[in-house]
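Thanks for coming. Please have a look at it before I start.

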Amino acid sequence: MKDQQYPNLQYLVMDGGSTDNTLSLIQNHLDIITEWVSEKDHGPAHAINKGLERANGDIISWINSDDYYEPGTLTHVAEIFNQHPEANCYIGKIRFIQEGTIPFYSHDIIFPSVAKTIGFGRIVQPAMFFRKSAIAKMGLLNETLHYCFDLEWWLKYLLVFGIDSIVTDEQLLVNFRFHPTSKSSSETQHFPVEKDNIYYSLAMQTGNAGIANIISKHSNINENYSFNIPMESDKNIISTALNYFLLLRGNEHYINFNVNAAKDYFGAIDKSLLNQEDTRLLRRLSFRNKFIPNFLIRLFRK
């Protein structure tokens, strides 16, 4: 944080009782740390919630210990919010870094409609900054989730505020590091399961049982989990978003050669709820999934 040169910073460190050299690093940076805690917690969402409860700044975000901001990021974020008093959220760019590979950058996560933005459920959390007033309406993270708690939180933002109060640009803000022991590398199989549970719960609570059945058929559903849908939510938007989720998840199954799952997902989509471009995409994907054998698909992708 020393390279940020940003004067009005509250820097909170929430450590889960680490037994490595974390405490010595904290001690070496007490001049810039506002408050720190090192104790056993109930998972990452619980640790982040402790930080959110302590944060008193007007603009709030969090970053994991593996990742780091570009110099000047916080100054740029403050300038964006000053220039856009109507904004509740600002999103910049992330550079993903993995040893032995070429760095790549985050893609767009905002689409022309809030329904598609919710349905595709893309998130670049370290490069997302929120007004404290918006967080007060969103509430804290769901501590029963261990992988997609930030996604669920983001969907709540979209259901409450939509996309009109979001500002985006191409400014590189943060570097996200992959390594063999990080959750993003070593536990990737858990992310789509929790994501399926989020959309399954949304479907069940909004009268979209058919969609819920498709999701449960091809995933491990935890019936004890429930998405706490904000009161402001528009159920029509959620229904459209669920059809975009079917398109996204069906495409993922198609990419992974899960022909039957892709067929079920594509077949459950209400085409009238998609825009023309995505309706054409659905037709292409459905045709390829139905008529092109797996070995040819694999050959084409080489």
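Helices H10 and H11 run roughly antiparallel to each other, because angles over 145 degrees count as that and their axes cross at roughly 160°. Before I go on, note that this is a predicted model.

Two packed helices are described by the angle between their axes and the distance between the axes. You have the angle already. As for the distance, the axes of H10, residues 235-255, and H11, residues 259-267, come within 8 Å. The crossing of H10 and H11 is left-handed.

Which residues of H10 and H11 meet? On the H10 side there are Phe245, Leu246, Leu247, Arg249, Gly250, Asn251, His253 and Tyr254. On the H11 side there are Ala261, Ala262, Tyr265 and Phe266. Sorted by class, this contact of H10 with H11 has eight nonpolar residues, three polar ones and one charged one.

Now the charged side chains. Side chains of opposite charge can pair when their charged atoms come close. How many salt bridges are there in this model? The count comes to 10.

Start with Glu70 and Arg95, whose side chains form a salt bridge with N to O at 2.9 Å. Glu70 is in the loop between strand E4 (68-69) and helix H3 (73-83), while Arg95 is in strand E5, residues 89-98. The two are 25 residues apart, and the pair links distant parts of the chain.

Next, Asp108 and Lys93. In this salt bridge the closest N and O atoms are 3.5 Å apart. Asp108 sits in the loop between strand E6 (104-105) and helix H4 (114-120), and Lys93 in strand E5, 15 residues away. Asp108, at 49% relative accessibility, counts as partly exposed.

Last, Asp278 and Lys116. Their closest N and O atoms are 2.9 Å apart, and they form a salt bridge. Asp278 lies in helix H12 (residues 276-291) and Lys116 in helix H4, so the pair ties together parts that are 162 residues apart in sequence. Both Asp278 and Lys116 are buried.

That is what I have for today. Questions are welcome.

Terms used. Residues are numbered from 1 along each chain as its sequence is written. This is a predicted model: local features need pLDDT of at least 70, side-chain atom pairs count only at pLDDT 80 or more; totals for chains, interfaces and linings use all residues. Side-chain values use heavy atoms; hydrogens and water are left out. A salt bridge is a side-chain nitrogen of Lys or Arg within 4 Å of a carboxyl oxygen of Asp or Glu. Helices (H or I, at least four residues) and strands (E, at least two) are DSSP runs, numbered from the N terminus. Buried means under 20% relative accessible area, exposed over 50%, partly exposed in between (1.4 Å probe, protein chains only). Axes are lines fitted to C-alpha atoms, for helices over the stretch in contact, and angles run from 0 to 180 degrees between N-to-C directions. Angles under 35 degrees count as roughly parallel, over 145 as roughly antiparallel, 65 to 115 as roughly perpendicular and the rest as oblique. A crossing is left-handed if the near helix is turned anticlockwise from the far one by less than a right angle, and right-handed if clockwise. Contact means heavy atoms within 4.5 Å. Ala, Val, Leu, Ile, Met, Phe, Trp, Tyr, Cys and Pro count as nonpolar, Asp, Glu, Lys and Arg as charged, and the others, Gly among them, as polar.
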